[in-house]
Amino acid sequence: MLFTAAHALVIGVGSYKNVAAANVPITVADAQAVAQILIDPQLCGYPQEQVCVLYDESATRDGILNALDDLATKTGPNGTILLFYAGHGEYGTDGLYYLSSYDIEVAKGKIVAGTGVSEKELLERFQKLKAQRLLLIFNACHAGNISSTLDLDTSLAKSLPDATAAAVLATGQGRAIITACRADQLSHFDKDTPATIFTSALLAGLHGNGVMNRNGGISVFDLYSQAYDSVTARVKPPRGVQQPELTVQQGRGAMIVALYPGTQTATMGLSTELPQSLPMGKAVREVSAAESRQQLQQIIRGNRNITISGTMNGGTNTGGDQVNMGSGDYVRGNQDKRSGAFISGGTVYGPVVGSNSGSITTSYGLTPGSTAASPLQQAITAVEQAIVVARQRGSADTAEDLAGVLVSLRAALTAEEAKNTIRRASKLQTVQSALRELAAADPTLQSLLLQVQQLQ
C-alpha cells in the first residue's frame with residue numbers, strides 16, 4: 001500500500017567541492033538508506049516519485065533551495081513531509097546558522113555567508129509549505145574528531161540551535177523535529193558500518209522494530225522513542241553521551257510519518273493528532289506557541305537583539321544579531337563574568353560582576369513575567385547567547401569553555417525535569433564544581449557561584 005499523501009526530501013552532504021577536509025561519506029549512505037526504506041511499498045509506502053534525494057554534487061545550495069520550493073508547489077494542507085538532512089551544520093560569517101551544501105566555502109571555521117542554506121532561508125521555505133504534517137530529522141553535531149563524528153571545526157556548536165528549532169515550529173501546523181543529539185553532544189558513527197548510529201536507529205524504527213502500529217502508521221513519538229533508546233544504549237561513557245532530541249510545540253499530539261510495515265489498510269484519515277502522550281524520561285523539548293512565533297520573527301527579520309551594559313569589553317557586531325556593548329571587562333580570558341538573578345521568561349538581567357554593575361537583556365525566549373520556563377532553562381538560554389556573542393567576537397576559547405558549562409546546565413535541567421523540582425536537582429553540583437574552579441582563579445565569579453548554590 002502507498003502513503004499517497006507523503007513527500008520527502010532526503011539530503012546527504014558527504015563531500016565538499018571546496019572543503020575536502022570536511023568530507024564524511026557516511027552521510028550519503030545515511031541518505032540513500034533512508035530514501036530506500038521510505039519508498040519501499042512494504043514498509044513506509046512513500047510514492048517513489050514523491051521522494052527527492054540529493055547528495056554530493058546534487059546537494060548544492062541551489063539544489064536544496066529549489067527542492068524546497070518544489071515541495072511547496074506539490075504539497076497541500078493534507079500532505080505529510082519528511083525532511084532528512086545529514087551533513088554539517090555551522091555558523092556563517094554573517095552570524096546566522098547554516099546547513100552546509102556541496103558548494104560551501106569556509107573562512108576561519110565558519111561558512112561564508114550565502115554559500116550554504118541559512119536558517120533564515122530554511123524558515124522562509126518552511127513557511128511556504130502548506131502541509132500540516134512536517135517532520136525534520138537532522139543529523140549534525142558538535143564534535144571533536146572528524147574521523148568518528150560529523151563535524152567541521154571543533155570549537156563551534158554544529159547541531160540545530162534551540163532558537164532555530166523553536167522557530168521551525170511556528171512555520172506551520174504539525175511541525176516536529178528530531179535531532180541526532182543535543183546541541184552540546186556528538187553524533188557518532190563506527191568505522192566500516194553502513195550508517196551512523198542515529199540513522200541506524202531510525203531505520204530500525206521504520207522497519208517496525210520498537211514501535212507500535214498506530215492505526216496502520218508509525219507515529220513521530222514512537223519513532224523518536226525507538227531512536228532515543230537505541231542510540232543511548234550504544235553510545236555510553238567513556239565514549240560519550242548522545243541523546244537524540246525531540247522538539248515539539250506544547251499541547252501538540254503525535255502524528256503519522258510513515259506506514260507501519262505490512263500495512264494493507266491505513267485508517268489514519270487526515271488528522272495530524274493521535275491520543276498519545278509525549279515520551280517520558282527522554283530529551284524532549286516542548287516549546288510554547290508564543291516562544292516559537294517570537295523566535296521565528298527574530299530570525300526572519302534579522303533582529304535578534306542582545307543589549308549589554310555595564311562593565312564589558314567594547315566591540316561591534318560582526319554577525320546577523322545586533323549586539324550593543326558597553327566598555328570595560330565583560331569577558332576576560334575564558335571566563336564568563338556575568339552574574340545576577342535569572343528572571344522567568346526570555347529576558348535575563350542582573351548586576352554584572354566587576355568594578356561597576358550593568359545588565360544583560362536579550363530578546364530571545366519568553367516575555368518577562370512568564371512562568372513557563374524554569375530558572376535553569378533561562379540560565380541555559382543566557383549561556384547560549386553568551387556563546388553567540390563570544391563567537392561573533394572571535395573568542396573561540398571562551399565559546400568552548402561556555403559550551404562546557406552548557407553541558408552541565410543541561411544535565412541539571414534533565415535532573416530537574418525527572419524530579420519535577422529544582423531543589424532536588426542533584427546534578428547542580430556538577431555546575432557548582434565547574435564554577436567553583438573558575439571562581440578560584442577569579443574571585444569576581446563568587447557571586448555567580450553563590451546564586452547557583454541557592455538553586456538547590
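Does glutamate 245 count as buried or exposed, and at what relative accessibility? At 4% relative accessibility, glutamate 245 counts as buried, where buried means under 20% relative accessible area, exposed over 50% and partly exposed in between, with a 1.4 Å probe and protein chains only. This is a predicted model, in which local features need pLDDT of at least 70 and side-chain atom pairs count only at pLDDT 80 or more, while totals for chains, interfaces and linings use all residues. Residues are numbered from 1 along each chain as its sequence is written, and side-chain values use heavy atoms, with hydrogens and water left out.

Glutamate 245 belongs to strand β12, residues 245–249; helices (H or I, at least four residues) and strands (E, at least two) are DSSP runs numbered from the N terminus. Leaving aside residues up to four places away in sequence, glutamate 245 has contacts (heavy atoms within 4.5 Å) that include Asp162, Arg182, Tyr224, Arg285 and Arg410. Threonine 247 is also placed in β12, and it counts as buried because its relative accessibility is 2%. With the sequence neighbours up to four places away again excluded, threonine 247 touches Ala165, Leu169, Ala176, Ile177, Arg285 and Val287.

The protein chain as a whole has 11 helices and 19 strands. Of its 456 residues, 58% are buried. Among contacts with a separation of 6 or more, 68% join residues 24 or more positions apart. The chain exposes about 17,500 Å², and carbon and sulfur atoms supply 50% of that area, computed by the Shrake-Rupley method with a 1.4 Å probe; for residues, only the protein chains shown count as cover.

The largest nonpolar core holds 49 residues, of which Tyr46, Leu135, Val220 and Leu246 touch the most other members. Such a core is a set of buried Ala, Val, Leu, Ile, Met, Phe, Trp, Tyr and Cys residues joined through side-chain atoms within 4.5 Å. Helix α6, residues 220–234, gives the most to this core, with seven residues. A second, separate core has 44 residues, including Leu54, Leu123, Phe138 and Ile177. Valine 220 touches, among others, Leu135, Ala176, Leu246 and Met255, not counting residues up to four places away in sequence.

How does α6 pack against another helix? The axes of α5 (residues 197–206) and α6 come within 8 Å and cross at roughly 135°; axes are lines fitted to C-alpha atoms, for helices over the stretch in contact, and angles run from 0 to 180 degrees between N-to-C directions. The two helices are therefore oblique to each other, since angles under 35 degrees count as roughly parallel, over 145 as roughly antiparallel, 65 to 115 as roughly perpendicular and the rest as oblique. Residues of α5 that include Phe198, Leu202 and Leu206 meet a set in α6 that includes Leu223, Ala227 and Val231.

Helix α2 (residues 61–74) and helix α3 (residues 119–128) have axes that come within 8 Å and cross at roughly 20°, and are therefore roughly parallel.

Some backbone details remain. Most residues other than glycine have a negative phi, and most peptide bonds are trans. A cis peptide bond joins proline 237 and proline 238, with omega about 5°; proline 238 lies in the loop between α6 and β12. Lysine 108, which is not a glycine, has a positive phi of about 55°, and at 85% relative accessibility it counts as exposed.
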